[in-house]
Amino acid sequence: MALFSELRRRNVLKVALLYALGSLVVLWIVGGSLNWLGAPVWANEFVLLVLALGFPVALIFAWAYEITPSGLKKSLDVDQTQSIVFKTGQKLNAAMAVLAVLGVLALVGERLLPTFELPKIIEPILLPPVYEEPDAEGVPAEIRAHTLGNGLRIIVWPDHDIPNVVMYNFVRAGARNEYPGITGLSHFFEHMMFNGTKRREQGEFDETMEAAGGSNNAYTSEDLTVYMDWFPRSAIETIFDLEADRLHHLAIDPEVVESERGVVYSERRSGVDNDNDGMLNEQLMATAFVAHPYQIPVIGWPSDIENWSQQDLESYFRRYYAPNNLTMVFTGDVDAREIFAMAKRYFGPIPSQPPPKPVTTVEPEQQGERRLLIEAEAQAPLIHMAFHAGSATDPETLPLSVLLNILVGDDSSRLHQQLVENEQVALAIGGFQMEGLDPGLVYFYLTLPPGADTDDVENRLFSALDRVAEEGITEAELQKARNIMIADYWRSLSTINGKAAALGRAEVFFGDYQQAFSLPDDLAAVTAAEIQQAAANVFRRANMTVGVLRSPDAGDEE
Amino acid sequence: MNRLTGLLAALALALPVSAGADDVTLPAAERVVLENGTVVILSENHDVPLIGLEALVRGGAASDPDEKYGLASLVAGLLERGAGERSAVEFAEAVAAVGGELNASAGLESLSVSADFMSKDADLMVELVAEMLQRPQLKRAEFTKLRDRSINLLKAAKGSDPSNLMPAYANAFLFGDHPYGNPVGGSESSLAKISHGDALAYYQNMIGGDRLIISVSGDFELAAMREALTTAFGEWRAAAEPLPDIAAAVAVPGARVLLIDKPGATQSYFRIGNIGVAESYPKRAELELANTVFGGRFTSMLMTELRTKSGLSYGARSSVARYTQPGSVFISSFTETSTTVEAIEVAISTLGQLRDNGLDDAMIVSARNYVMGQFPPRLETAAQLAGVFAMLEAVGLDASYINNYGASLAAATGESIAAVIDEVYPTPDNLVFVVLGDAELIRDQLAAYGPVTELSISEPRFHP
């Protein structure tokens, strides 16, 4: 206690407190100006280090010396009756009060003036950021994840093999978030995001990125809109600037909207109107789903492409492009702390929004087989056959994915061997599973030789699927599928692009990027019995939609 | 729905014309020439447990006999359909059982086998590649099945996105009877003329160790792999016949039009161009910069005019194909039927702009950064590296081509680029037009460009 009261008497405690407050002010000023000066990211940390080293020095000094009317003296040399430590203490109190008032004013100012940004260095000190490290087994230890205050989730996987970086931005907005009148709007935004901001003209986004050595692309699906940038390390800051600008200050110029409708129409003509598979797929999806918005084509129905209003666009952007609705992944030649610091600087000021309305519609159980026939100019008839199945997280999804590999995965697969090589009733067969946020489809597509009997081929296909439900698969088939999927998994992780795609997919569909690394274990656990059971649940006529496309005169030949 | 599919595969040709950044260097590689002339290139890298292999046999579709287009492609397909003791299905099973990837295909001037296996399966990979090249079964039943399926797949392609058919139509019209006009996969009518005997003869005459390049990259021991490849390929016989000489095609002056009629098409697809330059063309860096700016990236002049400014099209690009002899230079795009001529006019005037104005300094810097910045990911995987080493060897270049590419790009000036543009890109009055669309609606307008030759999409051939 004697020591403590002596510390108090000699003003050491007050000096400590004042030093801390003063340091905050220094960091504040320095932190704000370093960004303008273009100082490196570690400059803030350097200033912090200097201040921290100065702290014990200041305390020792306060203990050992004392201010007297005749100047600075060693405490031991000062006559206690002549000591003015009390007066000095009062001055220290006053200084602290001034600093405290300034601090309160700044905080209030930040609230009142939305453009005023709290200098970046303050928050990490008051609230040290959490850079999450992986905790699951088999996950590369260098991966870091972090969520900004506005809800933006960022995952970083450093990999220094090549001097390049990949960025993926997953926007939780796709055709499933649309409804009649705005179908295709998610995809249209994928275009508008490149068409100018309040600070940059149309075209400037791409010009700036390409001049810095970067390229980009984007795609829209039923579930997501995904933006990708591929760039050299030297372009990192440019990319942050460009990405933050379009998220924060997108311009939705009515003239550009009109011109872009033409571009989207052109894309629709290529992918649907002039492509038989595209046409059949669009109609089949609209038939298989009667309630759930997976019935909506990603490109949009033509009349909606023509009729979106400015207000549709603005409210859609505000709701779905809010930071709390995004997940960003960076892989390649980066440092995680550097990415998080830049993300905070560039994306931190973008305000969060109320979360979008969840999609609650559940597709009701299908009540019997559905069929559609398209008559179009086609030398080769097409058959698409789809069955309702689960979402990405459904326990039957992986067994079905393994089964698809066994059925149509490669030239040695069951259905390719049966229908293409042996019976020669099809020219090609493929298949996929949607694996989305909501229950989707297991989907097969076949190209048939000219003049083929589509009913016959359809029956052969269904019987082959039914046979899996009845008899299951062999252990050898299961093992082969596992080996193919494991090798593909390694191939996908051998590029920084594949790494970014895998982390983002796991985070968005499974809620945890670490799920990207569970495939080897999950595959080992899949059994032939599970696969047979899943096949029995899914491959039922009452659960099936079949689409046939053939030329109008095809029926007359027989 | 991609924002843009495939635009960046801009310079279509048998060699990575694109290029190295300052700090991009190819990894060290060992080059060995076996006694039979086979060239082996090995490059070791243990980052990921994968091995990539690329085997190139010089020749390819340009050496298809007259009227039998697609023969090289059929033979490539047959190599996968049974070899050594393994039947077609057993061969496919052997690959799939270990999760490997193995494909054979024909290009215009080579036949290639690409493999990508886990490193533990290296022995099997070498065995399978050796068997398919040296001991293919070439069974008649497999031949007939493959030929008939290829014919039917071409019929099916005529109901799919017509962009896929445009290169075959355009090359056939531009090159005519010259071997570079051969459709690589054949046409319905040319495939029908090919017999099993033709395939056997082609294999004997045109495929052999004297014209083979094998490049392997990835996770293996160099000495062991050299030994394995030497044993597997060192004694393979030479092909019975020499590679045919290919003469340089000469650009036809003036303008001419091929119109492919697809009744009911809501969109017109077009290619406009002429004969370009050969692989040996020395000003590669200048050409790459020019084509990047003209039609090789999203902000290219063609994309800006045809998509961004006018909304006429979803995509537009330019490609420069270079082979042993001069290949093609093409602008390609598509648009709604009613704006066909408007879009073609924009394309031609953009070509005029390129020829008249060249590239300014800002464009040159931007294109250089772009080419250099996009290069490293093309050398990222074992399979990519194996492919790059094989292609460098095939066109007679060494690693310094890539290692010095940054310097070559930096040395390009506005003047040297302007000279290249003048040499390589056709003048607006010497153009070949290939347009696929609803002929009834565009026939008369197209006649203004030059004499029109018509071909129905249902005709079983690509040559008019």
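Author: First, a term: a residue counts as buried if 20 or more other C-beta atoms, placed from the backbone, lie within 10 Å of its own, as exposed if 12 or fewer do, and as partly exposed in between. By that rule, 43% of the 558 residues in chain A are buried. Keep in mind that this is a predicted model, where local features need pLDDT of at least 70 and side-chain atom pairs count only at pLDDT 80 or more, while totals for chains, interfaces and linings use all residues. Residues are numbered from 1 along each chain as its sequence is written, and chains are lettered from A and ligands numbered from 1 in the order in which they are written.

Chain A has 20 helices and 13 strands; these are DSSP runs numbered from the N terminus, helices being H or I with at least four residues and strands E with at least two. Chain B meets chain A through 58 of its residues, which are in contact with 65 residues of chain A. Here, contact means that the C-beta atoms of two residues, placed from the backbone, lie within 7 Å. On chain B's side, H4(B) gives the largest share, six residues.

Now to the part I'd zoom in on, the sheet in chain B. Chain B is split into domain 1 (30-233) and domain 2 (256-456), with bounds from an automatic or database domain assignment. Their centres, taken over C-alpha atoms, are 28 Å apart. Where they touch, domain 1 of chain B puts in 30 residues and domain 2 of chain B puts in 26. The biggest contributor on the domain 1 side is E3(B), with seven residues.

The sheet itself is open and has six strands, running E9-E10-E8-E11-E7-E12 in chain B, with mixed pairing. Two strands pair if DSSP finds at least two bridges between them. At the edges sit strand E9 (316-320) and strand E12 (452-456) of chain B, each pairing on one side only. From one strand to the next, the twist averages 15 degrees. Look at E7 (residues 256-261) and E11 (residues 432-437) of chain B: they run parallel, joined by six bridges. Leu259(B), for instance, faces Val435(B) in E11(B).

Helices pack on this sheet as well. H9(B) touches E9 and E10 of chain B, and its direction makes about 160 degrees with that of E9(B). Helix H11 (residues 340-357) of chain B touches strand E8 (267-275), E10 and E11 of chain B, at about 145 degrees to E10(B). Angles run from 0 to 180 degrees between N-to-C directions, and axes are lines fitted to C-alpha atoms, for helices over the stretch in contact.

H9(B) has another neighbour to check out. The axes of H9 (residues 284-295) and H16 (residues 414-424) of chain B come within 9 Å and cross at roughly 80 degrees. So H9(B) is roughly perpendicular to H16(B); that label covers 65 to 115 degrees, with under 35 roughly parallel, over 145 roughly antiparallel and the rest oblique. Among the residues making the contact are Leu287(B) and Ala290(B) from H9(B), and Ile417(B) and Val420(B) from H16(B). By class, seven residues of this contact are nonpolar, one is polar and one is charged. Nonpolar covers Ala, Val, Leu, Ile, Met, Phe, Trp, Tyr, Cys and Pro, charged covers Asp, Glu, Lys and Arg, and the others, including Gly, are polar.
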